[in-house]
Amino acid sequence: SFDKPVWHDILGNKNMQKAIVLAQICLYVAVLVPVFSDKILQLRGVAVGAFGWLLALAGPVGCLVLCELCKLITAFQVRQY
């Protein structure tokens with residue numbers, strides 16, 4: 001929903017949950033499987049260290065916070081209309 005918080009009916013869409021799990025599996029395979037990640041995709045997933053993993057977690061959290069702030073604006077605009 002564009003005007004309700006993220007925790008409202010968070011598990012309501014089962015297909016979305018399946019897509020999220022599949023995307024996470026693909027991400028970790030692409031980044032962490034040795035020959036596939038470093039030779040084929042030329043990634044250094046294991047070598048990013050703690051700071052790299054911290055940034056990788058901060059990105060989605062920051063996106064969630066910004067989206068929730070935008071939802072507050074949208075909810076205010078819906079009430080005004």
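Helices here are DSSP runs of H or I that span at least four residues, numbered from the N terminus. The model shown in these views is predicted.

**View 1. Q42 in the loop between α2 and α3.** Q42 sits in the loop that lies between α2 and α3, the latter covering residues 49-80. Its phi is positive, about 55°, although Q42 is not a glycine. Q42 has a relative accessible area of 66% and is therefore exposed, since the cut-off for that class is over 50%.

**View 2. S37 within helix α2.** S37 belongs to helix α2, which runs over residues 34-40. With a relative accessible area of 5%, S37 is buried, because buried means under 20%. A polar atom of the S37 side chain lies 3.4 Å from the backbone oxygen of P34.

**View 3. Residues in contact with S37.** Leaving aside residues up to four places away in sequence, S37 touches A30, V31, L32, Q42 and L43. One of these, Q42, is the exposed loop residue of View 1.

**View 4. S37 and L69.** S37 and L69 are 32 residues apart along the chain. A separation of 36 Å is found between the C-alpha atoms of S37 and L69.

**View 5. D9 in the segment before α1.** D9 is located in the segment that precedes α1, a helix of residues 14-32. The phi angle of D9 is near 55°, a positive value in a residue other than glycine. D9 counts as exposed because its relative accessibility is 58%, and exposed means over 50%.

Notes: Residues numbered from 1 in each chain as written. Predicted model: local features only at pLDDT ≥ 70, side-chain atom pairs only at ≥ 80, totals over all residues. Heavy atoms only, no water. Helix = DSSP H or I, 4+ residues; strand = E, 2+ residues; numbered from the N terminus. Buried < 20%, exposed > 50% of the residue type's maximum accessible area, 1.4 Å probe, protein only. Contact = heavy atoms within 4.5 Å. Polar contact = N/O pair within 3.5 Å; in protein donor to acceptor, adjacent residues only side chain to side chain.
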